[in-house]
Amino acid sequence: MKTEEGDLSQFYYVPDDIFAPGNVKVSDIADEFDPEKKYPSVVDRFFTRYYYIRPDRQDEDHMVLLHSNRICLMCLAPGHVAFEKGITSVTYDIGNYDRSKNAVSGKRKKGGMHLQPGTALALVTCSDGSEYKVVSGITGKLIEVNQRIVDDPSRMGSEGEGYVAIVLSKIEKIEGIKTSLLTEEQYRKIKNVK
């Protein structure tokens with residue numbers, strides 16, 4: 001391409017195989033994709049599953065998806081009784097405070113509500129009229145609630161997308177949180193699930 005200033009072709013990127021590590025030809029990612037192969041989900045790749053069993057409630061278990069950056073997604077465990085009954089609505093207005101009104105700002109997430117294990121986050125209503133509280137199984141700050149599950153409660157069954165809230169814990173408390181929750185292996189052993 002010629003301009004009034006001169007030829008610009010010297011500035012175009014031209015791939016050079018000479019600079020590839022060990023002179024290895026790197027194939028295109030589209031050529032390596034195999035649609036028949038089962039790839040791990042985003043949750044499997046980036047999160048670790050932990051479980052919180054409420055001691056006073058049978059079959060009302062919660063799942064905590066813990067990311068390496070200490071962000072936690074609070075979810076209902078797949079075996080929660082609400083999934084069997086059919087979830088019809090989700091609300092963050094639990095009586096004394098509407099969790100959807102929680103607003104955070106800045107790098108330190110100022111304004112985030114402080115949570116303790118057992119703090120109610122949302123209320124799930126099932127098709128038979130029964131209601132279940134979704135609680136925080138960990139200590140941390142409430143960063144965000146998932147408004148999409150209010151609009152479409154069926155999303156709660158979708159792992160990763162059906163989270164109830166995002167909670168951020170302090171770095172120094174992460175190891176304590178991990179030990180207070182059940183790992184996936186421990187949970188499966190207790191629930192006799194393979």
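User: What's the strand order in the open sheet of seven strands?

Analyst: This is a predicted model. The order is E5-E8-E9-E3-E2-E1-E10, with antiparallel pairing.

User: Which strands sit at the edges there?

Analyst: Strand E5 (113-115) and strand E10 (182-183). Each of them pairs on one side only.

User: How many bridges between E8 and E9?

Analyst: Four, antiparallel. E8 covers residues 140-145 and E9 covers residues 165-168. Glu-144 has Ile-166 in E9 as its bridge partner.

User: Now the open sheet of three strands. What's the order?

Analyst: E4-E6-E7, and the pairing is antiparallel. E4 (87-91) and E7 (131-135) are the edge strands with a single partner strand each, so one side of each has no neighbour in the sheet. From one strand to the next, the twist averages 25°.

User: And how many bridges join E6 to E7?

Analyst: Five. E6 spans residues 120-126 and runs antiparallel to E7. Ala-122 is opposite Val-134 in E7.

User: Switching topic. Where does Asp-59 lie?

Analyst: In the loop between strand E1 (47-52) and strand E2 (62-67). Asp-59 is not a glycine, yet its phi is positive, near 65°.

User: What about phi of Lys-109?

Analyst: Also positive in a residue other than glycine, near 55°. Lys-109 lies in the loop between E4 and E5. At 27% relative accessibility, Lys-109 counts as partly exposed.

How values were computed:
Residues are numbered from 1 along each chain as its sequence is written. This is a predicted model: local features need pLDDT of at least 70, side-chain atom pairs count only at pLDDT 80 or more; totals for chains, interfaces and linings use all residues. Side-chain values use heavy atoms; hydrogens and water are left out. Two strands pair if DSSP finds at least two bridges between them. Helices (H or I, at least four residues) and strands (E, at least two) are DSSP runs, numbered from the N terminus. Axes are lines fitted to C-alpha atoms, for helices over the stretch in contact, and angles run from 0 to 180 degrees between N-to-C directions. Buried means under 20% relative accessible area, exposed over 50%, partly exposed in between (1.4 Å probe, protein chains only).
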